[in-house]
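Dear colleague,

Please find below the structure I am handing over to you, with its sequence.

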Amino acid sequence: MRSALLKRFAGWIGSWSGPVQLPEGRDGVMQLDITPIFEGDALEVGAIMTDQTGQVLIGRGIGFWSLERDGRVCCVMYGGSVGFTELLESPDDPDALALSGPLGDGRTLTVMYSQNDGGLQLTSSTSEGYTGSVTVRNITQLRRRAESEIPPL
Amino acid sequence: MNPLAPFLGWIGVWGGEGEAQTGDPTIVRTEFSLVQGGTALSMHFEACDPGYRILYHGVRAILSQAPNGDLRGIAYSTIHRGYLIELTPDDEGVMALTGATRGGNRIFVTFVQEDADNLLFTASWRPNTAAPAGDDTPRMSAPLRRLFPMKFERPPGPPAMPPATQ
C-alpha cells in the first residue's frame, strides 16, 4: 500500500537536472534526486550544483520530507550555504510545494517546487523579517533525466 | 581537519544481533556511505525482528559540516519522523548523536568503535521533560561487525579482452 506521501509525490520521484544561475552570475547545472525511503514513509531529496563542466561542486543540499499529522509536509534539511533547518509546508496550489523555515541568522528560507510542462521548477529565496527584502537564490527549470539512446550493438 | 575524517573508516556495511528497547531480540543492519559529492556521511540503520518481517525501527541520517565548522546532521526515523541532530563531544572512536524531535522527545544514539571491524551501537529516547537517562533506561543495543563479501572460488567468467592495439 502506497503511503499518502508517495501518492502525492509519485510523479516527482526520480532524477532531475537543469541549468541553474547562481547569485554570483555563474552558470551551472543542478541535479535533483527524489527517492522514497522506508517504503515511502519519507522522501530523501538531494541536490548538487556543479559548474557546467560537472567538475566543480558549487552547491549542495539534502533533506527528508515527511507528513505531519495535519497532512502538511515537514522537511529537515541541510544546505551548503544556509546550514541546517526545519521547513514546513505553506498552503499553495496542489501541483506545488512551498516550504519555509527559519535560518539561524534571523532570515527565513523559502523553497518552492512546482510542476509545469512535464518539468519541475525549483525556486529558493531568503527573506528578512516579515516585511524585509527578499533575495532570490536561484530559479531552476528541471527536466527528468533520461537515458541516452544507445544504438544496439 | 574535515570533521567527518574520524568516521571515514566506518564506511561499509555492518550487522549484528542485539536487543530492542522492548527487550525483544533484533537484527541490526547499518550502512555508512559518502553522499552529496563526498561532502557528507550517510548512516542508514535498520532494526528488524529475527525473521526479517517487521522493521522495528529504521533511521536514515546525513552528517555534514555546518557553515560554522561543527558536524551536524539531519535524520529521519520511522518512529520519530524528521529531526535535526548534533554530534556531542566524546572520545576518539565514538560517535555520540543527540536530537530533539517535533514530538517532544530527545534521542540519543552512540556508536563506539571497539576495533577496525567492530562497533557497539546503543540508542534510547525519552520525553524532553523527563529526568536524564540512567543506567536502567530501556535502550536498543547491538554489537555490530563489519560485513565482508564471502570468499569463494569465482566461476569462470567471460574471456579476457584482447590487449588494445595502437
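The rule finds 10 residue pairs in polar contact across the interface of chain B and chain A, both residues of each pair being at pLDDT 80 or more. Please note that this is a predicted model. On the side of chain B that touches chain A, strands S3 (40–48), S4 (55–65), S5 (71–77) and S6 (81–88) of chain B each supply at least two residues. S4(B) gives the most to that side, with eight residues. By class, the side of chain B that touches chain A has 13 nonpolar, nine polar and five charged residues.

The rule also finds four salt bridges across this interface. One of them joins the side chains of B:Arg81 and A:Asp41, at 3.7 Å from N to O.

As to extent, 27 residues of chain B are in contact with 28 residues of chain A. The area buried between the two chains is about 2200 Å², and carbon and sulfur atoms give 65% of it. Of the area that chain B buries against chain A, B:Gln36, B:Tyr76 and B:Arg102 supply 32%, more than any other three residues.

The C-alpha trace of chain A spans about 60 × 45 × 25 Å along its principal axes. Buried residues make up 44% of the 153 residues in chain A.

With kind regards

Conventions. Residues numbered from 1 in each chain as written. Chains lettered and ligands numbered in written order. Predicted model: local features only at pLDDT ≥ 70, side-chain atom pairs only at ≥ 80, totals over all residues. Heavy atoms only, no water. Contact = heavy atoms within 4.5 Å. Buried area = accessible area lost by both parts, 1.4 Å probe. Polar contact = N/O pair within 3.5 Å; in protein donor to acceptor, adjacent residues only side chain to side chain. Helix = DSSP H or I, 4+ residues; strand = E, 2+ residues; numbered from the N terminus. Nonpolar A, V, L, I, M, F, W, Y, C, P; charged D, E, K, R; others polar. Buried < 20%, exposed > 50% of the residue type's maximum accessible area, 1.4 Å probe, protein only.
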